[in-house]
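Here is a short report on one protein chain. Keep the sequence and the 3D view open as you read.

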Amino acid sequence: MRPASADDRLDLTAFIEANLPLASVPSIPNVRLHMATPRSGLYHLAMADDSDLMPPYWAYPWAGGAVLARYLFDHSEEVAGKRVVDLGTGSGLVAIAAMKCGAAHVIAIDIDAKAIAAAQLNANANDVVIETRLGDIIEDAPPVAEIILAGDIFYDEALVERVLPFLERCRTAGLDVLIGDPGRAPLPTSSLLQIADYAVPDFGGAKGNSTANSAVFRLR
C-alpha cells in the first residue's frame, strides 16, 4: 500500500467527518467514535483507490477492542503513567481509552491509512492526544513501551503465526501484553491467561449491531 499523501489524508478526514457521524459506544464510558451507518457510503473510499482493498475495520468498534477499553476503565492502573502501544488500532478506541485512563503516552499503530485518519479524528473528538503511526512493526524489535494492547488481532491463522512471535518477543523484553478477543477460533489460548470478561458491543460482527461475550487475556 502506498503511503497516504497530505492531500489524501485531508480528503479522507473530510469524508469521515461528513459521512460517519459521532456516536457513543455502548458500555464504554464517555467515548464517542465516528462510526459507519448504512448511509455512510464506504464503498466510495474503496473505489477512490483501486490498490486499497482492505476491509473498513476502522469504521466500527469490534468486540476485542471494546472489551479491552471496558477493562481499562475498570482497571486504569494497568496503563496509568505508562507508555502504551495500541497494536492494530482500527478506530483508535483502545488508544483513546488508555489515554482517558491516565497513560503517559500512547502510540496507535495500524497498517491501514484510513484507520490512522479515523483514530486521529476520534482522539480529537474525545479530547485526548495520541501518536499515530502507519506501518507494520511485526518484524521490528520490541517498541519502547511498558505495555502493548491488542484488540481483535487474532482473526486468522496466518496472522497468529506472524503476530504471536512478535508479542512473545515483547513479553520477553519486559513489556506487558493485554489482548482482547470474543473467542475467535484462531485465538492461541494456550499462550494466554484470561483475566476478565464482559458483554460488549460488536458492531463489526456478522450480526451487525450485536453484543458479544468477550474476554481480556494476558500473554503468559
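Where does α6 bend, and by about how many degrees? The bend is at V163, and the angle is about 25 degrees. A proline, P165, follows within four residues. Keep in mind that this is a predicted model.

## The chain at a glance

The chain has 220 residues, and buried residues make up 52% of them. It holds six helices and nine strands. Take the contacts with a separation of 6 or more: residues 24 or more positions apart account for 68% of them.

## Helix α6

Start at its beginning. There, a side-chain oxygen of D156 comes to within 3.2 Å of the backbone nitrogen of A158. After the helix comes G174. The phi of G174 is positive, near 105 degrees.

Which residues of α6 are buried? They are L159, V160, V163, L164, F166, L167 and C170. So V163 is buried, since its relative accessible area is under 20%. V163 is also where the helix bends.

The largest nonpolar core has 37 residues. Those with the most contacts inside it are L72, V79, V84, A98, V106, I130 and L149.

Pick out A98 in the viewer. Leave aside its neighbours within four places in sequence. A98 is then in contact with L72, V79, V84, A103, V106 and L149.

There is also a second, separate core. This one has 26 residues, including V85, F154, V163 and L219. Here V163, the site of the α6 bend, turns up again.

## Salt bridges

How many salt bridges does a search of the whole structure find? It finds nine. Three of them are listed here.

| Salt bridge | Distance between closest N and O atoms |
|---|---|
| R218 and E78 | 2.9 Å |
| R83 and E146 | 2.4 Å |
| D181 and R184 | 3.4 Å |

Begin with R218 and E78, which form a salt bridge. R218 lies in strand β9, and E78 lies in the loop between α3 and β3 (83-87), so the pair ties together parts that are 140 residues apart in sequence. E78 is buried, with a relative accessible area of 10%. The pair also belongs to a network: salt bridges that share partners join E78, D176 and R218.

Next come R83 and E146, another salt bridge. R83 is in strand β3, and E146 is in the loop between β5 (131-134) and β6, so this pair ties together parts that are 63 residues apart in sequence. Are these two residues buried, partly exposed or exposed? R83 counts as partly exposed at 36% relative accessibility. E146 counts as partly exposed too, at 27%.

The last pair in the table is D181 and R184. D181 is buried, with a relative accessible area of 1%.

## A buried lysine

K114 is found in helix α5. Is K114 buried or exposed? K114 is buried, with a relative accessible area of 13%. Now find A59. K114 and A59 are 55 residues apart along the chain. Their C-alpha atoms are separated by 9.1 Å.

## Two aspartates with positive phi

Most residues other than glycine have a negative phi. D127 has a positive value, near 60 degrees. D152 also has a positive phi, near 60 degrees.

Where do they sit? D127 is found in the loop between α5 and β5. D152 is found in the loop between β6 and α6. Compare their surroundings. D127 is exposed, with a relative accessible area of 71%. D152 is buried, with a relative accessible area of 13%.

Definitions and conventions
Residues are numbered from 1 along each chain as its sequence is written. This is a predicted model: local features need pLDDT of at least 70, side-chain atom pairs count only at pLDDT 80 or more; totals for chains, interfaces and linings use all residues. Side-chain values use heavy atoms; hydrogens and water are left out. A nonpolar core is a set of buried Ala, Val, Leu, Ile, Met, Phe, Trp, Tyr and Cys residues joined through side-chain atoms within 4.5 Å. Buried means under 20% relative accessible area, exposed over 50%, partly exposed in between (1.4 Å probe, protein chains only). Contact means heavy atoms within 4.5 Å. The bend at a residue is the angle between axes fitted to the seven residues ending there and the seven starting there. Helices (H or I, at least four residues) and strands (E, at least two) are DSSP runs, numbered from the N terminus. A polar contact is a pair of N or O atoms within 3.5 Å; within protein, one must be able to donate a hydrogen and the other to accept it, and residues adjacent in sequence count only if both atoms are side-chain atoms. A salt bridge is a side-chain nitrogen of Lys or Arg within 4 Å of a carboxyl oxygen of Asp or Glu.
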